[in-house]
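Please read this briefing alongside the sequence and the coordinates. It goes from the overall fold to single residues.

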Amino acid sequence: MSALLAAGIGCAAGVLSSFGLGGGTVLLLLLTLFAGLSQREAQGINLLFFLPVSAAALPSHGKNGYLRPRGVLWAAGAGAITAALTAWLSAGLETGALRRPFGLALLAVGLRELLRTGPRGGGT
C-alpha cells in the first residue's frame, strides 16, 4: 500500500471518527476494498488506529458536553471485556466466518439510518 493511499484512507476515517460516525468501520472497508488488505490485517490496523484518534477527539467531545462520565465508564469497561473475549474467540475462526456477520451488521445499520424518520442526533 502506498503512503499516499494510506494517508488518504487515514484522513477519511479520521474525519468520520472525530464526528463519532464509526470511522473504524469505514477504515475496515477502505483497507479491504482499496488497499487490498485481508480482513484480519485491516482489523489489526483499525485497533491501532482507534487509540490515537479517540484520544484526539475526546477532549473536544468532553468540552462540548457530549460525554457522560458514568456512561463512559460503564461502556468502556463492558467494551474492553467484550473486545478481549471476542478477540480471543475469533482468533480461531476462519476470516470467511467473520465476513458475513460483519456485512450483515453493516447492512442493518445502513438500513436503519436510511429508514429513520425521526429527528437525528442529540438523543440518547
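The points below cover the fold, confidence, core, surface and selected residues.

This is a predicted model, in which local features need pLDDT of at least 70 and side-chain atom pairs count only at pLDDT 80 or more, while totals for chains, interfaces and linings use all residues. Residues are numbered from 1 along each chain as its sequence is written, and side-chain values use heavy atoms, with hydrogens and water left out. The secondary structure comprises five helices and zero strands, where helices (H or I, at least four residues) and strands (E, at least two) are DSSP runs numbered from the N terminus.

**Overall fold**

- Along the sequence the elements follow the pattern α-α-α-α-α, and the C-alpha atoms fill a box of roughly 40 × 35 × 30 Å along the principal axes.
- Of the 124 residues, 16% count as buried, a class defined as under 20% relative accessible area, with exposed meaning over 50% and partly exposed in between (1.4 Å probe, protein chains only).
- Among contacts (heavy atoms within 4.5 Å) with a separation of 6 or more, 49% join residues 24 or more positions apart.

**Confidence**

- The mean pLDDT, which is the predictor's confidence in each residue on a scale from 0 to 100, is 81 for the protein, and 92% of its residues reach 70 or more.
- Confidence is highest in helix 4 (residues 69-90), at a mean of 85, and lowest in helix 5, at 81.

**Nonpolar core**

- The largest nonpolar core has eleven residues: Ile9, Ala13, Leu27, Leu28, Leu30, Leu31, Ala35, Leu37, Ala42, Phe49 and Val53; such a core is a set of buried Ala, Val, Leu, Ile, Met, Phe, Trp, Tyr and Cys residues joined through side-chain atoms within 4.5 Å.
- Helix 1 (3-18), helix 2 (23-33) and helix 3 are the elements that give two or more residues to this core, and helix 2 gives the most, with four residues.
- In soluble globular proteins, nonpolar side chains tend to be buried together.

**Surface**

- The protein exposes about 9100 Å², of which carbon and sulfur atoms supply 71%; accessible areas come from the Shrake-Rupley method with a 1.4 Å probe, and for residues only the protein chains shown count as cover.
- Met1, Leu5, Leu29, Leu33, Phe34 and Ile45 make a nonpolar surface patch of about 580 Å².
- Patches are made of residues with over 30% relative accessible area and no salt bridge, with like charges joined within 9 Å and nonpolar side chains (Val, Leu, Ile, Met, Phe, Trp, Tyr) within 5 Å; a salt bridge is a side-chain nitrogen of Lys or Arg within 4 Å of a carboxyl oxygen of Asp or Glu.
- Ile45 lies in helix 3 and is partly exposed, at a relative accessible area of 35%.

**Selected residues**

- Asn46, in helix 3 (residues 39-63), is buried at a relative accessible area of 16%, and, leaving aside neighbours within four places in sequence, Asn46 contacts Gly24, Leu27 and Leu28.
- Gln39, also found in helix 3, counts as buried at 9% relative accessibility, and it touches Thr32, Thr95, Leu98, Arg99 and Phe102 when residues up to four places away in sequence are not counted.
- Gly65, in the loop between helix 3 and helix 4, is exposed with a relative accessible area of 57%; Gly65 and Ser54 are eleven residues apart in sequence and 16 Å apart in space, C-alpha to C-alpha.
- Thr117, in the segment after helix 5 (95-115), counts as exposed at 78% relative accessibility; Thr117 and Leu48 are 69 residues apart in sequence and 35 Å apart in space, C-alpha to C-alpha.
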